[in-house]
Amino acid sequence: MQDVFSYRLKQARQMKGFSMDELCSALGDIVSKQSIYKYEKGKMLPDSTILLALSDALDTDPDFFFRPVEYHISDISFRKKKTSVKSMAKIKETVADKVERYCQIENLLGFDGPAEKIRIRMEIHTPDDARKAAIHLREKWDIGMDTIASTSSLLEDHDIKVIYLSSLPQFDGLSGYVNECDPIVVLNEGFCAERMRFSALHELGHLTMDSEGIKEAKKLEQLCHEFASEMLLPSETFIRAVGRKRNYIPIHELEMLQEQYGISIAALMHKAHDLKIITDTASKKFWIRYKSDKNFRDICDASRFCEVRSNKFERLVYRALSQELISSSKAASLLGRSLSSLRGETETI
């Protein structure tokens with residue numbers, strides 16, 4: 001019991017973003033930092049009064065602290081920019097909690113996870129390899145060469161759990177496996193549709209490409225960028241839309257491509273240059289204007305694609321509730337909503 005409590009207390013504290021000192025302050029200094037340390041090391045358990053105070057301070061149910069630990073996330077690929085260790089811990093533990101809720105509801109409904117990790121059986125070393133891997137996966141998943149209407153639905157249709165966080169601006173996404181076999185992709189829901197779509201498929205690249213021989217993190221990120229770009233808009237489709245050679249591509253034409261394929265103007269220009277559709281000079285001219293002209297940059301950065309977000313987890317919770325596999329209070333807890341709002345949503349017709 002002490003081992004479970006120590007793990008859960010640290011998880012709840014990190015999800016809240018508290019240091020031990022900050023937790024002591026939130027508790028009104030009724031316990032010392034040394035006591036918190038002993039709780040988290042499994043050397044001591046709090047009494048019922050302290051337990052309730054911890055529950056209030058950390059915004060969690062007292063039962064949370066004694067819930068068995070059945071799920072572990074491994075092989076994490078974490079995309080971040082200047083994210084502190086404390087913030088990374090908060091993100092990882094929040095993800096672990098959300099994944100645990102997802103797995104619990106699937107188990108209640110009798111869902112089986114993937115039999116093995118998803119892999120594209122080809123070695124990836126160059127940008128061209130990454131593009132070929134993306135086309136191979138499109139063919140394997142039978143999604144053709146046109147627009148992916150919803151990247152999150154595509155992933156969840158292929159047994160990849162998609163988790164959303166309202167997180168730090170610097171956090172793009174991460175991917176990994178639950179209990180070493182069940183793939184997950186985590187996205188920052190604060191970003192625009194185009195950025196979330198690109199991040200989702202970038203993380204899919206980490207999950208599917210055989211890149212074990214690549215030691216440089218920067219190179220791997222670049223290959224996952226190429227994979228994501230090709231998944232969103234295959235080169236063949238792009239060339240068919242704009243032609244094999246262009247002196248330049250007008251901004252309005254780029255806007256229309258963005259609206260159709262859900263890929264940003266910046267990514268479109270990178271792709272046009274990589275495929276030699278435009279020259280180095282034309283590409284350089286675009287990026288000089290992008291960096292120096294704020295109005296032009298705002299036009300380029302605007303979101304123009306409307307993607308329907310997958311809601312598989314929410315649907316599973318409502319399904320379990322309707323089958324009386326969970327109580328209304330449990331459903332509300334899983335969804336992070338109040339019991340009164342849930343009751344309004346679950347009225348029968």
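These are my notebook entries on one protein chain, looked up in a predicted model.

**Entry 1: overall form**

I began with the secondary structure. I count 17 helices and six strands in the protein chain. Next I took the extent of the C-alpha trace. Along its principal axes the trace spans about 75 × 45 × 40 Å.

I then asked how much of the chain is buried. Of its 349 residues, 49% fall in that class. For the accessible surface I noted about 18100 Å². Carbon and sulfur atoms account for 50% of that surface.

**Entry 2: charges**

I looked up the charges of the protein chain and found 51 positive and 53 negative. I compared the mean positions of the two sets. They are 6 Å apart.

**Entry 3: the largest pocket**

I turned to the largest pocket. I noted a volume of about 1200 Å³. Its lining holds 40 residues. Which of them lie nearest the centre of the pocket? I wrote down Asp97, Lys98, Arg101, Leu334 and Gly336.

I then sorted the lining by element. Two or more residues come from each of α1 (2–16), α5 (85–108), β3 (161–165), α15 (312–322) and α16 (328–335). Which element gives the most to this lining? My entry reads α5, with nine residues.

**Entry 4: Glu307**

I picked out Glu307 next. I found Glu307 in the loop between α14 (294–301) and α15. I listed its contacts, leaving aside neighbours within four places in sequence. Glu307 touches Ala149, Ser150, Thr151 and Ser152, and also Ala193 and Arg197.

**Entry 5: Glu203**

My last stop was Glu203. I placed Glu203 in helix α8, residues 193–208. Is Glu203 buried or exposed? I noted a relative accessible area of 0% for Glu203. The cut-off for buried is under 20%, so Glu203 counts as buried.

I also looked up Glu203 with Leu187. They are 16 residues apart along the chain. Their C-alpha atoms are separated by 9.2 Å.

Terms used
Residues numbered from 1 in each chain as written. Predicted model: local features only at pLDDT ≥ 70, side-chain atom pairs only at ≥ 80, totals over all residues. Heavy atoms only, no water. Helix = DSSP H or I, 4+ residues; strand = E, 2+ residues; numbered from the N terminus. Buried < 20%, exposed > 50% of the residue type's maximum accessible area, 1.4 Å probe, protein only. Areas by Shrake-Rupley, 256 points an atom, 1.4 Å probe, with all protein chains shown as cover. Lys, Arg positive; Asp, Glu negative; His and termini not counted. Charge placed at Lys NZ, Arg CZ, Asp CG, Glu CD. 1 Å grid on protein atoms, 1.4 Å probe; cavity = no way out; pocket = protein on both sides within 12 Å on 5 of 7 lines; lining within 4 Å. Points joined across faces, edges and corners; volume = space filled by probe spheres on them. Contact = heavy atoms within 4.5 Å.
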